[in-house]
Amino acid sequence: MTTTDLAHPALAPFDLADLRLRNRFAVAPMTRISATPDGTPTDQMAAYYREYAEGGFGLILTEGIYPDATHSQGYLNQPGLVTDEHVAGWRAVVDGVHAAGAPIVAQLMHAGAISQGNHYGFGTIGPSAVTPRGRMMADYGGVGGAWAAPAEMTEADIDDVIAGFAAAAVNAERAGFDGVEIHGANGYLLDQFLTDYTNQRTDEYGGSVANRIRLTARVLAAVRAAVGDLPVGVRLSQTKVNDFTYRWPGAEADARVIFGALTDATYLHIASEGRNFLETARLADGATITQLAREVSGRPVIANGGMHALPQAADVLTGGHADLLSVGTGALANPDLPRRVETGVPLTPFDREMLHPMANLDSTAAWRARR
Ligand SMILES: Cc1cc2nc3c(=O)[nH]c(=O)nc-3n(C[C@H](O)[C@H](O)[C@H](O)COP(=O)(O)O)c2cc1C
């Protein structure tokens, strides 16, 4: 698509609750493990996020932020939203992004059983004592190979997790964020509850899909109650960082229960595995999972996965599959992606070396310096 064609549909503005977005391109949440050891955001992180705002993105979603100082942290040098220092660090990030004209939403993430780094010295917890599939990720500081089985969470542990999300959401509001996104996707704690093979509980949080989505719904309700009118989104996916093949076992029927439990969300953010969204996001009846999310929840939906492929991105919007698009690796390679689309400048392909040897901001800076 060039400027001589009709403008790309993602360049049209969108109202997300009371937030006016200048276009439909959002930066997808991306863990960059570049905070201080105690989880405080740095000046380098502020510059990183500001660059996306200057590059024209309509919305910025932060990396997954840990919400409590016990079990939630997933990676060393991951940022938190627990202490006053965390809030002050995020305030500087938020102010820079706002000055460059974009809203920014804090993604809150509890790693659960697949934590591979905890500054506070806590072990892992999960719905059931099931050893996670897959291996720790070396580029994110994972050293131990396989994960250990987590401790099965008690009801008190569950209440603590819910309270942690709510407290972190209050801190997000104090830091000036325009919203929060609850990370219910990709194999982390909330998704461990939703996933049949990691959740073997026999209480109200286990068994049926209605029970397995209950913790996410309760976190959403608690966050809503804590932050009032602040937009609160929920991110969901079928696949996981440690299992790329998983699909909700009840397919569309499960999806209807899951989306129906989250109608209080301001938006749903659906990540689909792989780069060919319009193929991998299809349900058996041919509708996409994001279309179904829109229909069942009645809320705006962000589609994710390969949206830097601009013709596909256009089809997703014009075909009614989603309202907004989040871009991950394409944004890493093109922090000015919306400006490029506006002016017809070709996109730079993503290079895995940007995230190697560590998926942090130093590796990306070194990659840029080599070019
Ligand atoms: C470096 C990196 C870190 C990521 N960290 C997160 C994260 O913290 N939270 C999250 O929900 N997804 C995370 N993701 C997944 C992305 O949000 C997105 O789903 C994935 O990159 C696919 O989209 P893409 O095809 O636009 O890259 C991460 C992806 C990358 C590349």
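## Contacts of Leu81

Contact here means heavy atoms within 4.5 Å. In this predicted model, Leu81 touches Ile65, Tyr66, Pro67, His86, Val87, Trp90, Ala106, Leu108, Ala168, Asn171, Ala172 and Phe177, leaving aside residues up to four places away in sequence.

## Nonpolar cores

Leu81 belongs to the largest nonpolar core, which has 100 residues. Along with Phe25, Tyr52, Ile60 and Phe259, Leu81 is among the residues with the most contacts inside this core. Helix α3, residues 155–174, supplies the largest share of the core, seven residues.

A second core is separate and has eleven residues, including Leu21, Leu61, Tyr267 and Ile302. In soluble globular proteins, nonpolar side chains tend to be buried together.

## Packing of α3 and α6

Helix α3 also packs against helix α6, residues 214–227: the two axes come within 8 Å and cross at roughly 40°. The crossing is right-handed.

On the α3 side, the contact is made by Ile158, Ile162, Phe165, Ala166, Ala169, Val170 and Glu173. On the α6 side, the residues are Leu215, Arg218, Val219, Ala222, Val223, Ala226 and Val227. Sorted by class, the contact has twelve nonpolar residues, two charged residues and no polar ones.

## Annotated domain

An unreviewed UniProt entry places the feature "domain: NADH:flavin oxidoreductase/NADH oxidase N-terminal" at residues 12–347. In the model, the end C-alpha atoms of this span lie 19 Å apart. Residues 12–347 are 35% helix and 15% strand.

How values were computed
Residues numbered from 1 in each chain as written. Predicted model: local features only at pLDDT ≥ 70, side-chain atom pairs only at ≥ 80, totals over all residues. Heavy atoms only, no water. Core = buried A, V, L, I, M, F, W, Y, C linked by side-chain atoms within 4.5 Å. Buried < 20%, exposed > 50% of the residue type's maximum accessible area, 1.4 Å probe, protein only. Helix = DSSP H or I, 4+ residues; strand = E, 2+ residues; numbered from the N terminus. Axes fitted to C-alpha atoms, helices over the stretch in contact; angles between N-to-C directions. Left-handed = near helix turned anticlockwise from the far one by under 90°. Nonpolar A, V, L, I, M, F, W, Y, C, P; charged D, E, K, R; others polar. UniProt positions renumbered as here; feature names shortened; annotations may be inferred.
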